[in-house]
Amino acid sequence: PISPPRGGPPMPDCGMPAPPRSPIRVTAISLRRRPDRWRACEDHLRGLLGDGFDMFEGTDAKAAAGDDSTAVDRVAALEAATGCTVYRGWPITEVRDVRRCYTSLSPQLSDAEAWMSYERKVAAAWRSDRSRLYLDFFLRHLTLGDVGAALSHLRVAERGHAEGLSLQVVFEDDVRPSAEALPALLRQGE
């Protein structure tokens, strides 16, 4: 539910030729506001690869959105900070939409209970073999962390494309590949 950042390099399917290919890169994404996770990931990968990897500062959507304003203001702040547009065309995307559309829900329900009640109502209205797919695709309740992670991975992919990498292995900062797993993974890309 986001559009790519403005001004990013064009992807090959846009009719632009791909740049010449270069070696494989291992990248780990982490947030600067979590120096403990950054350091632990960096130390682990350095133990496996020496200096053969890079740390990439992830998009901190939570910090970009702030927390002292309305939801609408937070989305506008996020869009301004990241250069992206958050898609708003989904019929129900927030708990307030659930409460507005399903007035029979008890006002005493927590936000999580209200959302789960909504999912149960939708599931009951669909064939059992289709309801989960519908819920997963159309009713995904994105968090700021989801948006930040998606933007981070998009930025890493754009950078790899612009630099002409032949393969880029991307980890988040909580992944700890074993000494055997990482070389095996890299061999698969050769």
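Ring pairs join Tyr 102, Trp 115 and Tyr 118 into a cluster in this predicted model. Here the rings of Phe, Tyr and Trp (its six-membered ring) pair if their centres lie within 6.5 Å, with planes under 30 degrees apart counted as stacked, over 60 as edge-to-face and the rest as tilted. A search of the whole structure finds two aromatic pairs. One of them, between Tyr 102 and Tyr 118, is tilted, at 5.4 Å centre to centre and with 55 degrees between the planes. Tyr 102 belongs to the loop between helix H4 (95–101) and helix H5 (111–125), whereas Tyr 118 is in helix H5, so this pair ties together parts that are 16 residues apart in sequence. Helices (H or I, at least four residues) and strands (E, at least two) are DSSP runs, numbered from the N terminus.

Tyr 102 counts as partly exposed at 27% relative accessibility, while Tyr 118 is buried, with a relative accessible area of 5%. Trp 115 and Tyr 118 have ring centres 5.6 Å apart and planes at 65 degrees, so their pair is edge-to-face. Both residues lie in helix H5, three residues apart, which is about one turn of the helix. Trp 115 is buried too, with a relative accessible area of 7%.

A ring also takes part in a contact with a charge. The charged end of Arg 32 sits over the ring of Trp 38, 3.9 Å from its centre; the criterion is NZ of Lys or CZ of Arg within 6 Å of the ring centre and within 35 degrees of the ring normal.

Next come the charged pairs. Side chains of opposite charge can pair when their charged atoms come close. With a salt bridge defined as a side-chain nitrogen of Lys or Arg within 4 Å of a carboxyl oxygen of Asp or Glu, the structure holds 10 salt bridges. In one of these, the side chains of Glu 163 and Arg 25 meet at 2.1 Å, N to O. This pair links distant parts of the chain, 138 residues apart: Glu 163 is in the loop between helix H7 (144–162) and strand E3 (165–172), and Arg 25 is in strand E1 (residues 22–30). Glu 163 is partly exposed, with a relative accessible area of 39%, whereas Arg 25 counts as buried at 18% relative accessibility.

Another salt bridge brings together the side chains of Arg 33 and Asp 60 (2.5 Å, N to O). Arg 33 lies in the loop between E1 and helix H1 (35–49), and Asp 60 in the loop between strand E2 (54–57) and helix H2 (61–65), so the pair ties together parts that are 27 residues apart in sequence. Arg 33 counts as partly exposed, at 45% relative accessibility, while Asp 60 is buried, with a relative accessible area of 18%.

Within helix H1, Arg 46 and Glu 42 lie four residues apart, about one turn of the helix. These two form a salt bridge, with their closest N and O atoms 3.9 Å apart. Arg 46 is partly exposed, with a relative accessible area of 37%, and Glu 42 is partly exposed at 22%. Salt bridges that share partners also join Arg 37, Asp 173 and Asp 174 into one network.

Phe 53 touches Val 26, Glu 42, Leu 45 and Arg 46, leaving aside residues up to four places away in sequence; contact means heavy atoms within 4.5 Å.

For the chain as a whole, there are eight helices and three strands. Of its 190 residues, 29% count as buried.

Residues are numbered from 1 along each chain as its sequence is written, and side-chain values use heavy atoms, with hydrogens and water left out. As this is a predicted model, local features need pLDDT of at least 70 and side-chain atom pairs count only at pLDDT 80 or more, while totals for chains, interfaces and linings use all residues.

Notes. Buried means under 20% relative accessible area, exposed over 50%, partly exposed in between (1.4 Å probe, protein chains only).
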